[in-house]
Amino acid sequence: MTTKEEQAIVNRLQANWVWSPDWVDSSTGNTVGRIAVFTRRFVADSKPSKSLLQLSADTRYKLTVNGTRVAVGPARGSPLIWYYDTIDIAPFAQAGENEIKIEVLRCFSSSRGAMPFGRTAIPGLTVVGSVQAGDHSIELDSAQGWEVQTDDSILFPMGLIDDNFLHIYERASPQALGILATPKAYNIKTLNGELAPWRLRARSIPMPTQEAINVNTVRFCQSTLPVDEWTRSLSGAHPLTLPGASRHVLELQADLHSTAFVRWTFRAASRSRVKLKATYSEGYELEPRAYPFFRTKADRLDATAGRIIGPYDEAVLDISADSQVNYEPFWFRTFRVFRLEVDVGPEAVEFVSFDATQTHYPLEVKGSWSDHSDPQGTQMWDVSIRTMRNCMFDGYSDCPFYEQLQYSGDTRAVGVFHYLISGDDRLMRQAITTFASSVTAEGLTQSRFPSHVPQIIAAFPLLWILQVCDHHIYFGDTAYARSFIPRIDGVLDFFDRHVDDLGLVSGLPEDVWQYVDWVTTWGATDDHPDKGVPTSGRTSNRHTYFSMLYALVLRNAASLLRDVGRPGNATEYEARASNLTEAVRKHCYDGRFFTDSTADVADELAYSQHCQVFAVLSGAAEEHENARILQESFADTRFSKCSYMMQFYALRAFSLAGDEAYETYYRHVWAPWRKMLAANLTTWEEDDVRQRSDCHAWGSVPLYEFCTEVAGVRPLAPGCAKVLFKPRVRLSERIDATVALGGENVARVSWRNGTEGERFVELTLEKPTVVVSQLPDGDEVNHGTVQHLHLLVE
């Protein structure tokens, strides 16, 4: 519920929306948007002690105070949930003259580009707040005292082969800012339930971190200056003088995969010019198979066999005599390596500095992992966390380099990883709420949201339901989970309406993408242009996977309804699930394996690991058959294989199939992850089919397995009020692990070998909790409410 104080802020913000007069929300040039620069100058008698600003913009803003970048925002939203930020600028203000500058990148509403950046039909900026300096207060509301200029010097081109989603890469020319003007006030007033263009609410997640990083490893240098001089300059030792009419090409490497704001600074004694081009890549790569979506990558640091391919910024900078210029692209850049090309004008120019500032959601890690039997385990843990960080900004991003879109299918697994390592649910609450606001007329949540281009992927609304279930089991916020029940029922009802005479889900609309996974043999064809869809079932529009997933989610939703005190539909959901799994066994099982569509049309391409996995998870497979079905299908190369993302679900199925099945599979499942480490990745790649992105958080599966399966800690009751402790001591001789349990508890797990082959296992909880333990080949034991537990495995 919104408090009176919060509503007062919203009302002030709504009253202060402004924009540049005579703005045209389009361009004759090739650009997805334009920038408007808003400036407010003030004089403070003393250094301000407090200066809170509340602000928002459409589409994105960058706030600087006295030349220092302070913030970028607002957090991603949609017209029905548009966020405003609260920022204290006092640390950046000073006694005397001050300048606040807010650059607003307005992405045109009519453009289908810049997909992650949701926007309304109207551009705008709103600011409220004041500066407190001594006894004086200076009002900073945007409706008065501000100036605005349009910046047409920067284009954000579309149609580039390297950039199909973001359209953030710049072409900057030396063009002066537009005429200084007074911003036009919108004077928005609403009555009788009419909504403003932006339905404002306070930011629900913390602001991104900003941390300087070094990018000073030179892999290639073609310059009149020696590489050592460049290295020292890039390390901050001293500026470099670049002779007039000279050209310099460098390839630079960051220590780790990075998401960072980048900034170049040049200075000249006499008037000159610099042309700069920066081409970004996540690593060196071989000749692509079909650029940009199908790549060929090996050692990401092999600068001899590989090359840098990727999108680029290009800027021409005029430098006046005895002056300094900076070039900082508006949005952060993602890279491990990049090629820098600098062409100097007629007079010498000083290369003053290159600065990179890592930025991401402030992921505070409570978890830890040390497996003394597997030294690479710690490395996999660290890489998993780094991948998570780089895929978190103002939402969960599928990949920071290419899309920065928040997909509910990806977010379901990634959110649970986040819970286990940090106990922080703020980003996930925002995601769940955001997807809930995206519901279509059919009752489905959109697959990616916010997104300027709507999209529906068949499985993803079902996986959104699992997000709600997961959040409730970890955090126990019953009122929050209950608020989504009508929309959950709407999603489930959509699939119920598409159950055919065979009792299977079929006949989904053509504009719903029936994506399952990235599989080599599930490519696009002229008749079926959607990729990632099982080959069998394309003609009949009947894919077994969706019946299985629907059944699995029905059972989870039934448990949720009972847990939140709304059991009315639970029995119906369970009956639907039973009917579905019975139909799957009858029509999609050939006596040995489950087929991707009905068994009567099955050919050699009709078998996938995915359907065996979800047969186990949904209950379609007979319990005594679970281990056989999984082990045989994962050993047979004719079965389409699970990607890194689907390994999360595969491991859940092996866990259900029994300890022997899981532990056998666990010992070799990490081969692809170890291969990535050997290839010098510092984040996990998207998949090994396309090798498009080198940073995708769905690959952080080790976090879940280490915490919940090996250390063996997982919740059994909402809010982690009851936990299962099932350590898999046969998988390691010695571990030390820390696992977050919801927002208020942490579990520490360790075991050691004794002198006579026994193993001492210890569980310590920060807060007493009901614990049920189970040792290998043993029965479950309820220990009641405990804080410490010591177990002996003989």
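User: Helix 4 and helix 5 cross each other: is helix 4's pass over helix 5 left-handed or right-handed?
Analyst: Helices here are DSSP runs of H or I with at least four residues, strands are E runs of at least two, and both are numbered from the N terminus. A crossing is left-handed if the near helix is turned anticlockwise from the far one by less than a right angle, and right-handed if clockwise. For helix 4 passing helix 5, the crossing is left-handed.

User: Before we go on, what kind of model is this?
Analyst: Residues are numbered from 1 along each chain as its sequence is written, and side-chain values use heavy atoms, with hydrogens and water left out. Local features need pLDDT of at least 70, side-chain atom pairs count only at pLDDT 80 or more, and totals for chains, interfaces and linings use all residues; the model is predicted.

User: Okay, and are helix 4 and helix 5 roughly parallel or roughly antiparallel?
Analyst: Helix 4 (residues 408-422) and helix 5 (residues 426-436) pack at about 155°, with axes 10 Å apart. The axes are lines fitted to C-alpha atoms over the stretch in contact, and angles between N-to-C directions run from 0 to 180 degrees. Under 35 degrees is roughly parallel, over 145 roughly antiparallel, 65 to 115 roughly perpendicular and the rest oblique, so this pair is roughly antiparallel.

User: How many of the 11 residues in helix 5 are buried?
Analyst: Buried means under 20% relative accessible area, exposed over 50%, and partly exposed in between (1.4 Å probe, protein chains only). The buried residues pack against strand 6 (82-88), strand 14 (200-202), helix 4, helix 6 (460-475), helix 7 (478-482) and helix 8. Helix 5 is mostly covered, and the count of buried residues is nine.

User: Which residue of helix 10 does Asp 496 of helix 8 pair with?
Analyst: A salt bridge is a side-chain nitrogen of Lys or Arg within 4 Å of a carboxyl oxygen of Asp or Glu, and the structure holds 57 of them. The N to O distance is 4.0 Å, and the pair ties together parts 80 residues apart in sequence, the helix 10 partner being Arg 576.

User: And what is the N to O distance between Glu 632 and Arg 592?
Analyst: Glu 632 is partly exposed at 31%, and Arg 592 is too, at 42%. Their side chains meet in a salt bridge, and the distance is 2.7 Å.

User: What is the relative accessible area of Arg 728?
Analyst: The Arg 728 side chain meets Asp 659 in a salt bridge at 3.2 Å. The pair links distant parts of the chain, 69 residues apart, with Asp 659 in helix 14. Arg 728 is buried, and its relative accessible area is 2%.

Terms used
Contact means heavy atoms within 4.5 Å.
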